[in-house]
Amino acid sequence: MDCGVACLAMLLSVSYEDALLAMGRYTGAYIREVKAAAKRLKKPLRFTRKFDLENDTGILAVKSEKWRTDHLVVLKDGLIVDTDGSIWDHDVFMSANVATGLSLLVYDGKD
């Protein structure tokens, strides 16, 4: 249940510990908690429901019957980095997990 913390650390290039502290009491976090934690780290994220799996980079919320709740992964230019350490082509990840992308949190690099 730490996918939000792990994705936040990876996307924003901060330590896992810093991401965890920024999350506060939310370790199994939803998008709004991840977005609030990024703001506390002074690296705000922009929420969007329109994204291109081939070209965009950010924290991707995905839905699948495989997981009890929505899952967060890092999307980077067509690749998905899952929080178990695996790296997938986006189409293979979505197909293997019968997953659908829901939204993307994007870091524009503007602090």
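Tutor: A residue is termed buried when its relative accessible area is under 20%, exposed when it is over 50%, and partly exposed in between, with a 1.4 Å probe and protein chains only. The model is predicted, so local features need pLDDT of at least 70 and side-chain atom pairs count only at pLDDT 80 or more, while totals for chains, interfaces and linings use all residues. Residues are numbered from 1 along each chain as its sequence is written, and side-chain values use heavy atoms, leaving out hydrogens and water.

I begin with the charged pairs. Side chains of opposite charge can pair when their charged atoms come close. With a salt bridge taken as a side-chain nitrogen of Lys or Arg within 4 Å of a carboxyl oxygen of Asp or Glu, the count is four. Among them is the bridge between R32 and E33, with an N to O distance of 3.5 Å. Another bridge joins K63 to D70 at 3.9 Å; here K63 is partly exposed at 47%, and D70 is partly exposed at 37%. K76 and D77 also form a salt bridge, at 3.4 Å, with K76 partly exposed at 47% and D77 partly exposed at 43%.

The cysteines come next. A disulfide requires a pair of cysteine sulfur atoms within 2.5 Å, and the structure holds zero of them. For C3, the closest cysteine sulfur is that of C7, 5.9 Å away, which is too far for a bond. C7 is likewise in no disulfide.

A nonpolar core is here a set of buried Ala, Val, Leu, Ile, Met, Phe, Trp, Tyr and Cys residues joined through side-chain atoms within 4.5 Å. The largest has 21 residues, and those with the most contacts inside it are L8, L12, V34, L45, I59 and L72. At least two residues each come from α1 (3-12), α2 (16-23), α3 (31-40), β2 (57-63) and β3 (71-76); these elements are DSSP runs numbered from the N terminus, helices being H or I of at least four residues and strands E of at least two. The largest share, seven residues, belongs to α1. A second, separate core has eleven residues, including L60, W67, M94 and L104.
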